[in-house]
Amino acid sequence: MQTRNLIAGQWTDTGSGGEIEVVDPASDDVVARVPMCGASEALIALNCAFEFQPKWEATPFTQRAGVLRAAAAMLIARKDSLARLITQECGKPLPEAAGEVQYSADYFSSAANEIHALDDMHIALDKPGVRGVVRHRAVGVCAAITPWNFPLAMLARKVAPARAAGCAQLAKPAEETPLCALALAEILLECGLPPQCLHVLTGDAKAIATTWLMDGRVRKLSFTGSTETGRLLLRQCSQEIVRCSMELGGDAAFIVLADANIELAVQSALQAKFRNAGQTCICPNRFLVHKDIASEFAARMAIAAAQLKIAPGLEEGSNIGPLIHDEAVKKVRAHVADALKRGGKLVCGGRTKDMRDRPDRFFEPTVITNCNPNMLCFQDEIFGPVVAIMSVTSADQALEIANASPFGLAGYVFGGNHATALAVAQQLRCGVIGVNEAAPSNARAPFGGVKWSGYGREGGIWGLMEYVTTQYLALRELNT
Ligand code: ADP
């Protein structure tokens, strides 16, 4: 297990602020200790990245793509050990963690496949002797700040396109889950990435980010995390006009139309809602179900939820692991209490399960009906395994409620008539939509939101283009 930081081409195990304990949320066992770096290490990394930037930018596409393809293959080859690492530091069930490794590898394959989108483009100008050339230049040194819920994939989707685009990169993973980021850096080095090209620092988020973003040499930030932190970082980025991609909080609506196939909707809701114990930014947050089928939907959800096995992620058959930390449990409890206080009806769950000597972090799959937009669980990301259902009288009412949220990351529409479901989906104001589909994310497709969910896209050609600037040259041919 790699526990050292990668700074200025060196693996280093000391941090100016001491060290951080990485804790398994299912047991509170200390999995590892990593350096607590601060401003001084952040500056060393930045100096090196800035110096190395032109070299990586000048590296031919084939060589860059070669590193990406090798990394994809190595991620797959190490799927089992990486999946265990994900589960150990973030708690999700092992099969989900294995899925995350595959998803991460897909970002590397995708970036390698899309690299020729960066080829020069030529414009025929209506001007004799002059032709236009459009070039895609690396944006420069970029920074990546990532959250704990997908400790490998959220970094992979930033590291892969930045490598393809020719950027040197500075990365800071979440303090809860730094180990996957360090493992990814190790893989990239083994795959031939020059070590000065990627720097991974664990430590004091504020000190590290401030050092990078206020310096002027960092030209791009890609951030995934809370809207609150995103706002703070945007303010910092305004100083040096740092380009940003922001993937922030979500409040996804899951709309079930009157003619929906209820079984498909239930199975999809189960998959989308309970993945990572409800701790993903595209988890459905507000279930808006047509009144004719709302009670049946809720009843079937409760039956299906009762079959889920609540257990540590490493245990065979686990479907729901622990929440990441006690604060997360507190938040989910507060959402449930608020919903019940405001008239919600508890169908199942609503509390943590007694797991004997394990931490009190295993929240039971919960179904609450009779919800409404005044409840906390409709206004704020629950980030836990709670299905909050409101019955609606029409698709229009569902859309009105769905779009009233200041967030706009993901949405879901389930309906028996494709054209109708599609028409509803197209009126949703969000970036990613599943139509009769529970898992809309794909490394080849654009991922990102609108409004308070941020801007910029990750994945496919769209993710790659976030790391380049477009440069236009008007070239007059000289008759020499
Ligand atoms: P969450 O609530 O999901 O933990 P955060 O936005 O707090 O989301 O964290 C996402 C990432 O942002 C983590 O890597 C975290 O360390 C980092 N982060 C948190 N606060 C700051 C800050 N003030 N400046 C820079 N990064 C921060």
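## Pockets, cavities and a domain interface

β12 (252-256), α13 (395-404), β17 (407-408) and β18 (410-414) each give two or more residues to the lining of the largest cavity. Helices (H or I, at least four residues) and strands (E, at least two) are DSSP runs, numbered from the N terminus. This is a predicted model, in which local features need pLDDT of at least 70 and side-chain atom pairs count only at pLDDT 80 or more, while totals for chains, interfaces and linings use all residues. Residues are numbered from 1 along each chain as its sequence is written, and side-chain values use heavy atoms, with hydrogens and water left out.

**Cavities**

- Here a cavity is a set of points, on a 1 Å grid over the protein atoms alone, where a 1.4 Å probe fits but cannot get out; a pocket is an open set with protein on both sides within 12 Å along at least five of seven lines; and lining residues have an atom within 4 Å of a point.
- Grid points are joined across faces, edges and corners, and a volume is the space filled by probe spheres set on the points.
- The whole structure holds 3 cavities of 30 Å³ or more.
- The largest cavity has a volume of about 90 Å³, and among its 15 lining residues Arg286, Ala402, Ala410, Arg429 and Cys430 lie nearest its centre.
- That lining has 8 nonpolar, 4 polar and 3 charged residues; Ala, Val, Leu, Ile, Met, Phe, Trp, Tyr, Cys and Pro count as nonpolar, Asp, Glu, Lys and Arg as charged, and the others, Gly among them, as polar.
- The second largest cavity has about 60 Å³ of space, and its lining residues include Tyr107, Arg157 and Leu464.
- α4, α5 and α15 (460-465) each supply at least two residues of the lining of the second largest cavity.

- The chain is divided into domain 1 (5-248 + 453-473) and domain 2 (252-442), with bounds from an automatic or database domain assignment.
- Their C-alpha centres lie 31 Å apart, and the contact (heavy atoms within 4.5 Å) takes 26 residues from domain 1 and 28 residues from domain 2.
- About 2,100 Å² is buried between domain 1 and domain 2, with carbon and sulfur atoms giving 58%; buried area is the accessible area (1.4 Å probe) that two parts lose on being put together, summed over both.
- Ala26, Trp148 and Ser453 supply 25% of the area that domain 1 buries against domain 2, more than any other three residues.
- The interface of domain 1 and domain 2 has 1 salt bridge, defined as a side-chain nitrogen of Lys or Arg within 4 Å of a carboxyl oxygen of Asp or Glu.
- Arg361 and Asp28 meet through their side chains in a salt bridge (2.9 Å, N to O).

- The largest pocket holds about 1,200 Å³ of space, and of its 41 lining residues Trp148, Gly225, Ser226, Thr227 and Thr229 are the closest to its centre.
- Two or more lining residues come from each of α7 (205-213), β10 (218-224), α8 (227-239) and α11 (326-341), and α8 gives the most, with 7 residues.
- Domain 1 and domain 2 each provide at least three residues to the lining of the largest pocket.
- The second largest pocket has a volume of about 290 Å³, and of its 16 lining residues Tyr103, Phe150, Arg275, Ala439 and Ser441 lie nearest its centre.
- α4 gives the most to the lining of the second largest pocket, with 4 residues.
- Both domain 1 and domain 2 give residues to the lining of the second largest pocket, so this pocket lies between them.
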